[in-house]
Amino acid sequence: MFDAFYSMFRLSLKAIAANKMRAALTSLGIVIGVAAVITMLAVGSGTQKSMAERFSRFGTNILYLRQPWNLDESISSPKDVTMDDVRAIRKLSGVTSAAPYISSGFDVKYGYTSTSLSVLATDTDIFKTYDWELESGRQFTEKEVNDYGQVMVIGATAAQTIFNDMDPLGRTVVLDEIPFKVVGVMKKSGQGGMGFDMDEGALIPYTTGKVKMNAGWNNSDRRALDRVIIRVKDFNAIEDTKKDIQNTVRNTHRIHPLAKDDFQLDDFASFVEEAKSASKTMSLLLGVIGAVSLIVGGIGVMNIMLVSVTERTREIGIRMAIGATSADIRLQFLAEAVTLSCIGGLIGVIFGVGITLIVAANSSSIPAELSVWSILLSVGFSAATGVFFGYYPAYKASKLTPIDALRYE
Amino acid sequence: MPLIDTQHLFKIYRLGDVEVRALNDVSVSVEQGEFVAVMGPSGSGKSTFMNILGCLDKPTRGKYILDGIDVTATDLSKLAGVRNRKIGFVFQGFNLIKRTTALENVELPMIYNHTPSHLRREKALAALKAVGLEKRADHLPNQLSGGQQQRVAIARSLVCDAPIIFADEPTGNLDTKMSIEVMDLFTRLNKEMGKTIILITHEPDIAEYAGRLIKFKDGQKISDERK
């Protein structure tokens, strides 16, 4: 059995080797298809993994309170999320901290240069909520928040961009015509990508931001917050804590017991789900692209196998005369088609792995992760392509009669 | 019992309203070990006759018994095995497979009866030796002369130990010297190995090698003489 397969495989290789250029061009479609699938799957799963890592660095015990973007029409007069909510939530036993969160992009001027930064207006609880560490200087204080202090804590990358190698501490930058003194610089955290990226941004007291600055914020209401970032004490009790928070906010918003919430409380998991489904859609799209290239490649294989059957009609006649059955002939041409597409598949794997490694080595922003699964899958698919598109030519060859085939010139 | 026994073979083609009788009531028996030459002008039906004897085609009517097997009652698809075991073919155009060495060409029939590979090699080398080409085993067909190619084809026809060799104008593409070489080889196979040989030719001096001469004309056997 193995012996028969081996001789069949050798025969196929020989037939393919007889027309190297043609074989190369034919399998090119499959090479491209497989290489594309492997690269894309690697980038896709790498992105997913790095996203999950990034999320997990945020901590799983973070909750986000905000007004829904798509408000239910049944809610007639929704109330904004305000500091009243923040203060009420802070009193809950399951809550470690709750920070107001208003963010927007600003041009930050220093001397003659102007840099665009994302600025987060918040209070001191933000330092308890997120695991950000100071590189130098200090956090702003509760007193500074209460006194509308014009102070700023700046992210590592942002500091580098604005001040180059100068020490940012004590320097003054201008934000919307109001001067802010830099009091602290954060360590690089590398956790950007979800809402606010500390490395690229700056923190200011929300009081100063809301009262002294005139423009730039998304909501015109001076009391309204974008959201509240809440850290819960115990992840295992997160559902109970969520209930408590919900009740508290319903209370501050004075919502009738039968009415719906006019706010939304998200946890980490819902972000992950969203990101995952986006990445799944992406994978599906890439899969479709790969499938289309494989089909196109398969049609190429079929075309060339039909040519090969015609060219080798006489050979088929000889083989039949000396004892090959129709099944032998069919198997031979099928084996040839499968060998051809598998060679294409293997070359595609080599290219795909190569491209992935090059991408992974040269770009930190595109994470790529190879999986054995994707390699096996694409080689399996190219073999299946060979079987599917090689069957008709092989069948045609097997239907020849020995005398007609021998007579063929 | 004769090795080959045909009784009242007919092969009838229809071309529109015209009925063409390529074979018209042909009965021939060939005993084991005979060397038969078949002659006739083109269109005489000798090729059709040979295709039927070689189990490549079936008659419209009549009976053909080959070594005890009723070929006319056997399904065309099952005849591949019969050809493999009972018949060796030698063609005018050699019909070796290109880009495949002499040895591999000779091994080919054994691939289809699933002979294990080590045995295949052994038997193929023996067959090449029998035709005096063991030193050319690794040559490709286009590296061999016409006579050598034909001898490779003969080796291929021997390798499954088939009792019969069908040779269809085996010297048609060869010069006189090579023709003599090949015909001497056939004679040797007939005399020494006891192979039954059926030879189609249109050259009388080639037919001279055979011990029996059958002539065809218009789809019928017109003469059958033993020397």
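Guide: Let's begin where B:Q7 stands opposite B:K63 in β4(B). A word on the ground rules: this is a predicted model, where local features need pLDDT of at least 70, side-chain atom pairs count only at pLDDT 80 or more, and totals for chains, interfaces and linings use all residues. Residues are numbered from 1 along each chain as its sequence is written, chains are lettered from A and ligands numbered from 1 in the order in which they are written, and side-chain values use heavy atoms, with hydrogens and water left out.

Visitor: How do you know that β1 and β4 of chain B pair?

Guide: Two strands pair if DSSP finds at least two bridges between them. Strand β1 (residues 4-15) and strand β4 (residues 61-66) of chain B have five bridges, in the antiparallel sense, so they pass that test. The word "strand" itself stands for a DSSP run of E of at least two residues, while a helix is a run of H or I of at least four, both numbered from the N terminus.

Visitor: Why do β2 and β5 of chain B count as edges?

Guide: Look at the order of the open four-stranded sheet in chain B: β2-β1-β4-β5, with antiparallel pairing. Because β2 (18-30) and β5 (69-70) each have a single partner strand, one side of each has no neighbour in the sheet.

Visitor: What lies across β1, β2 and β4 of chain B?

Guide: That is helix α1 (residues 46-53) of chain B, running at about 120 degrees to β1(B). Such angles run from 0 to 180 degrees between N-to-C directions, with axes fitted to C-alpha atoms, for helices over the stretch in contact.

Visitor: Why is A:Y130 called buried?

Guide: Buried means under 20% relative accessible area, exposed over 50%, and partly exposed in between, using a 1.4 Å probe and protein chains only. A:Y130 has 5% relative accessibility, so buried it is. A:W132, at 8%, therefore counts as buried too.

Visitor: Is A:Q160 buried or partly exposed?

Guide: A:Q160 has 43% relative accessibility, so it counts as partly exposed. This residue lies in helix α6 of chain A.

Visitor: What makes A:R227 count as sitting over the ring of A:Y101?

Guide: A charge sits over a ring if NZ of Lys or CZ of Arg is within 6 Å of the ring centre and within 35 degrees of the ring normal. A:R227 lies over the face of A:Y101 at 5.0 Å from the ring centre. In chain B, B:R61 lies over the face of B:F10 at 4.4 Å.

Visitor: Which residues touch the most other members of the largest nonpolar core?

Guide: Among its 60 residues they are A:L65, A:I89, A:W132, A:I154, A:L203, A:I230 and A:I245. β2(A) gives the largest share, eight residues. A nonpolar core is a set of buried Ala, Val, Leu, Ile, Met, Phe, Trp, Tyr and Cys residues joined through side-chain atoms within 4.5 Å. Apart from this core lies another, of 58 residues, including A:I304 and B:L23.

Visitor: Why is strand β7 of chain A described as largely enclosed?

Guide: Seven of its nine residues (178-186) are buried, so the rest of the structure largely encloses it. β7(A) pairs with β4 (residues 134-137) of chain A in the antiparallel sense over three bridges, and with β5 (residues 151-154) of chain A in the parallel sense over four. β6 (residues 172-175) of chain A pairs with β7(A) in the antiparallel sense, over four bridges. β6(A) and β7(A) form a hairpin with two residues between them, and A:D176 in the turn has a positive phi of about 50 degrees.

How values were computed: Contact = heavy atoms within 4.5 Å.
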